[in-house]
Amino acid sequence: MDIAKQANLTSTTTREAILESAVGLFAESGFSGVSMRDLARACGITPAALYHHFENKKSLYVESIKHAFAARAEDLEPLLDRAAQGEETVRSIISWFVGLVASDKIFRRLLHRELLEGDAERLQLITEQVLQAPFEKICRTLEKVYPKADAPFVGISTISMVLGHFELASLRGFLGVSEAGYGTDEMADRITNLMVSGFEGA
């Protein structure tokens, strides 16, 4: 979007448009591979105009990730509130996360890049600003459903399993694994069954 041509945009709308452009660039090239000049050029504005909205590249980066995650995260809390106890709660959480990862390739790519680069400062920022609150909500819900379980371990295990399936998707064919059963709903059900019932459930 050429923001410079949108003379009637409000400041809030301009900021949103910058975030939309920035999140795609960061996902494609990573934090280190994108300069503020690159970002300004992609938005059709001057670097000075970009700095008017964002203090530096780091703040723009964190806000971009929050922007990419925000719409999907809004679905989580009411989902947890209305979920039944027991297995249905776990199924709802896993279905939400599988849906997030499946539908938002940009967020998935951003997270994958950060995990690969392993920059402690950026990972801490992303955790604090984006991931901590939903993770804690999920853990509190799991603790109510399964009070004897180690809720953080279950949460991390679930995240690992979901992300792993998507990261390894391109290998399935080479390993002779059928694509049947890897639709979004099917995957959520199979992962839930595995978590709740063990190997026989999968």
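Q: A nonpolar core is a set of buried Ala, Val, Leu, Ile, Met, Phe, Trp, Tyr and Cys residues joined through side-chain atoms within 4.5 Å. Which residues of the largest nonpolar core touch the most other members?
A: The model is predicted, and its largest nonpolar core holds 46 residues. Helix 6 (residues 87-103) gives the largest share of this core, 8 residues. The members that touch the most others are Phe 26, Leu 39, Leu 50, Leu 60, Trp 96 and Val 98.

Q: What percentage of the residues in the chain is buried?
A: The C-alpha atoms fill a box of roughly 60 × 40 × 30 Å along the principal axes. Among contacts between residues at least 6 apart in sequence, 67% join residues at least 24 apart. Of the 202 residues in the chain, the buried share is 37%.

Q: Within what arc do the buried residues of helix 2 fall?
A: Helix 2 spans residues 36-43, and its buried residues are Met 36, Leu 39, Ala 40 and Cys 43. Viewed down the helix axis, these residues line one face, because they fall within an arc of 100 degrees.

Q: Which exposed residues does the face of helix 2 turned away from its buried side carry?
A: An α-helix has 3.6 residues a turn, so residues three or four places apart point the same way. On the face of helix 2 turned away from its buried side, the exposed residues are Arg 37 and Arg 41.

Q: Which residue just after helix 2 takes a positive phi?
A: Cys 43 is among the buried residues of helix 2, which covers residues 36-43. Just after this helix, a positive phi of about 75 degrees is taken by Gly 44.

Q: Which residues does Leu 60 touch, not counting residues up to four places away in sequence?
A: Leu 60 is one of the core residues that touch the most other members. Its contacts include Met 36 and Leu 39, both of which are buried residues of helix 2.

Q: Is helix 6 parallel, antiparallel or oblique to helix 10?
A: Helix 6 and helix 10 (residues 184-197) pack with their axes 9 Å apart, at an angle of about 135 degrees. Residues that meet include Val 90, Ile 94 and Val 98 in helix 6, and Met 187, Ile 191 and Met 195 in helix 10. The crossing of these two helices is right-handed. Because of the angle between them, helix 6 is to helix 10 oblique.

Q: What is the handedness of the crossing in which helix 6 passes helix 8?
A: The axes of helix 6 and helix 8 (residues 120-145) come within 10 Å and cross at roughly 160 degrees. That angle makes helix 6 roughly antiparallel to helix 8. Thr 89, Val 90, Ile 93 and Trp 96 in helix 6 meet Ile 138, Thr 141, Leu 142 and Val 145 in helix 8. The crossing is left-handed.

Q: Which residues of helix 9 make the contact with helix 8?
A: The axes of helix 8 and helix 9 come within 9 Å and cross at roughly 120 degrees. The two helices are therefore oblique to each other. Helix 8 contributes Phe 135, Cys 139, Leu 142 and Glu 143. From helix 9 the contact is made by Ala 151, Pro 152, Val 154, Gly 155, Ile 156 and Ile 159.

Q: Is Leu 125 buried, partly exposed or exposed?
A: Leu 125 lies in helix 8. Leaving aside neighbours within four places in sequence, Leu 125 is in contact with Lys 58, Val 62 and Val 130. Buried means under 20% relative accessible area and exposed over 50%. At 22%, Leu 125 therefore counts as partly exposed.

Q: Which residues is Thr 158 in contact with, leaving aside its neighbours within four places in sequence?
A: Thr 158 is found in helix 9. With a relative accessible area of 10%, Thr 158 is buried. Beyond its sequence neighbours within four places, its contacts are Ile 94 and Met 195.

Q: What relative accessible area does Arg 172 have?
A: Arg 172 is found in the loop between helix 9 (151-167) and helix 10. Leaving aside neighbours within four places in sequence, this residue is in contact with His 165, Val 177, Glu 179 and Tyr 182. Arg 172 is buried, because its relative accessible area is 11%.

Technical notes: Residues are numbered from 1 along each chain as its sequence is written. This is a predicted model: local features need pLDDT of at least 70, side-chain atom pairs count only at pLDDT 80 or more; totals for chains, interfaces and linings use all residues. Side-chain values use heavy atoms; hydrogens and water are left out. Buried means under 20% relative accessible area, exposed over 50%, partly exposed in between (1.4 Å probe, protein chains only). Helices (H or I, at least four residues) and strands (E, at least two) are DSSP runs, numbered from the N terminus. The arc is that of the directions from the helix axis to the C-beta atoms. Contact means heavy atoms within 4.5 Å. Axes are lines fitted to C-alpha atoms, for helices over the stretch in contact, and angles run from 0 to 180 degrees between N-to-C directions. Angles under 35 degrees count as roughly parallel, over 145 as roughly antiparallel, 65 to 115 as roughly perpendicular and the rest as oblique. A crossing is left-handed if the near helix is turned anticlockwise from the far one by less than a right angle, and right-handed if clockwise.
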